[in-house]
Amino acid sequence: ERMRNRRFDVAPTAGALGAEINGVDLSEPLSDPQIAELRGALNEYGVIFFRDQKLTPEQHIAFAERFGPIDINRFFQAAPGYPQIAEVRKEPEQKVNIGGGWHTDHSYDQVPALGSILLARETPPRGGDTMFACMNRAYEALSDGLKKTLGSMRAVHSSRHVFGAASAYVKDAGGRLGNTESAVQDAVHPVVLRHPESGKKILYVNPAFTTHFEGWTAQESAPLLAFLYQHAARPEFQTRFQWREGSIAFWDNRATWHYAVNDYHGARRLMHRITVQGGPLQ
């Protein structure tokens with residue numbers, strides 16, 4: 001009964017995924033039932049949004065730790081004094097942004113992240129939205145024949161071509177990405193995951209980090225991967241989030257893709273990202 005009186009208002013977005021959580025102040029400690037309810041909303045909607053949150057870096061970290069250990073990003077600059085917080089920063093003169101293409105974070109890790117909690121510290125006057133796509137909807141819309149084929153396949157994910165020393169992305173990022181020598185890990189994951197908490201089936205390949213299907217050449221893999229990427233990027237699987245200062249997006253990295261829209265040249269955008277560790281995938 002007590003928990004029912006403390007419920008948040010969960011307002012689903014107009015898109016295929018996502019819900020805004022109203023009536024919660026994340027600077028205050030939350031009870032275990034409240035955290036369980038937020039986790040349930042994350043599993044159901046793929047990404048949850050919060051508005052008008054005034055968090056210190058310590059409060060941001062404390063909130064993230066309620067969902068699991070923090071995954072320190074090897075490639076991003078940290079917020080000054082807070083190694084747990086990655087800075088996603090674009091200065092007015094920079095052309096290339098971070099995350100400007102469909103991807104899911106850390107799929108190149110053996111145990112990919114559960115998700116990320118991204119907090120807007122400074123937003124451009126207009127633009128700078130983030131788009132999210134639901135990989136359960138994308139999977140469900142495939143034919144039975146293709147579902148059956150993909151069900152036994154695995155794919156290789158890598159960070160070398162993105163974060164490695166030879167990558168154009170690292171060169172364009174103007175010193176904001178470092179530690180390129182650690183971009184040598186590859187991971188193999190099922191193409192279709194069963195989500196560890198919701199049990200939903202998820203299409204788990206992404207254009208940024210998936211290189212090929214296990215046992216297939218890159219050339220053989222390319223046409224089918226291209227089809228899956230085009231299919232999964234259809235608008236009916238998406239939602240679009242407009243940031244304001246103090247907005248938070250907490251996405252489930254296993255169930256969604258995201259895309260940071262690069263349409264605000266000449267303005268600064270500064271976000272603080274904390275990534276929460278996940279569990280093994282199957």
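Of the 282 residues in the chain, 53% count as buried. Buried here is under 20% relative accessible area, exposed is over 50%, and partly exposed is in between, with a 1.4 Å probe and protein chains only. This is a predicted model, so local features need pLDDT of at least 70 and side-chain atom pairs count only at pLDDT 80 or more, while totals for chains, interfaces and linings use all residues. Residues are numbered from 1 along each chain as its sequence is written, and side-chain values use heavy atoms, with hydrogens and water left out.

Surface next. The chain exposes about 12500 Å². Carbon and sulfur atoms supply 51% of that area. The method is Shrake-Rupley with a 1.4 Å probe, and for residues only the protein chains shown count as cover.

Secondary structure. The chain has eight helices and 17 strands. These are DSSP runs, numbered from the N terminus: helices are H or I with at least four residues, strands are E with at least two.

Contacts. Take those in the chain with a separation of 6 or more: 82% of them come from residues 24 or more positions apart. A contact means heavy atoms within 4.5 Å.

Ile85 is an example. It is found in strand 6. At 0% relative accessibility, Ile85 is buried. Ile274 lies 189 residues away in sequence, yet the two C-alpha atoms are 5.1 Å apart. Leaving out residues up to four places away in sequence, Ile85 touches residues including Gln77, Ala78, Ala79, His272, Arg273 and Ile274. Pro57, His60 and Ile61 are also among its contacts.

That brings us to helix 3, residues 57-65. Pro57, His60, Ile61, Phe63 and Ala64 are buried there. They sit on the same side of helix 3, because they cover an arc of only 160 degrees around the axis. The arc is taken from the directions from the helix axis to the C-beta atoms. As background, an α-helix has 3.6 residues a turn, so residues three or four places apart point the same way.

Asp52 lies in the loop between strand 3 (47-50) and helix 3. At 54% relative accessibility, Asp52 counts as exposed. Its phi is near 55 degrees, a positive value in a residue other than glycine. For reference, most residues other than glycine have a negative phi.

Now the rings. How many aromatic pairs does a search of the whole structure find? It finds 13. Rings of Phe, Tyr and Trp (its six-membered ring) pair if their centres lie within 6.5 Å; planes under 30 degrees apart are stacked, over 60 edge-to-face, and the rest tilted.

Trp102 is buried, at 13% relative accessibility. Tyr259 is partly exposed, at 28%.

Another pair is Phe132 with Trp251: tilted, 5.7 Å centre to centre, 50 degrees between the planes. Phe132 is in strand 8 (residues 130-134) and Trp251 in strand 15 (residues 248-252), 119 residues apart. Both are buried. Ring pairs also link them with Phe49, Phe241 and Trp243 into a cluster.

Two lysines sit over rings. The charged end of Lys90 is 4.6 Å from the ring centre of Tyr264. For Lys147 over Tyr139, that distance is 5.4 Å. The criterion is NZ of Lys or CZ of Arg within 6 Å of the ring centre and within 35 degrees of the ring normal.

Last stop: Thr275, in strand 17 (residues 269-276). Thr275 is buried, at 3% relative accessibility. Its side chain makes a polar contact of 3.1 Å with the side chain of Ser116, and one of 3.4 Å with the side chain of Arg273. That term means a pair of N or O atoms within 3.5 Å; within protein, one must be able to donate a hydrogen and the other to accept it, and residues adjacent in sequence count only if both atoms are side-chain atoms.

Beyond four places in sequence, Thr275 touches Ala113, among others. Ala113 is in the loop between strand 6 and strand 7. Buried or exposed? Ala113 is buried, at 0%.
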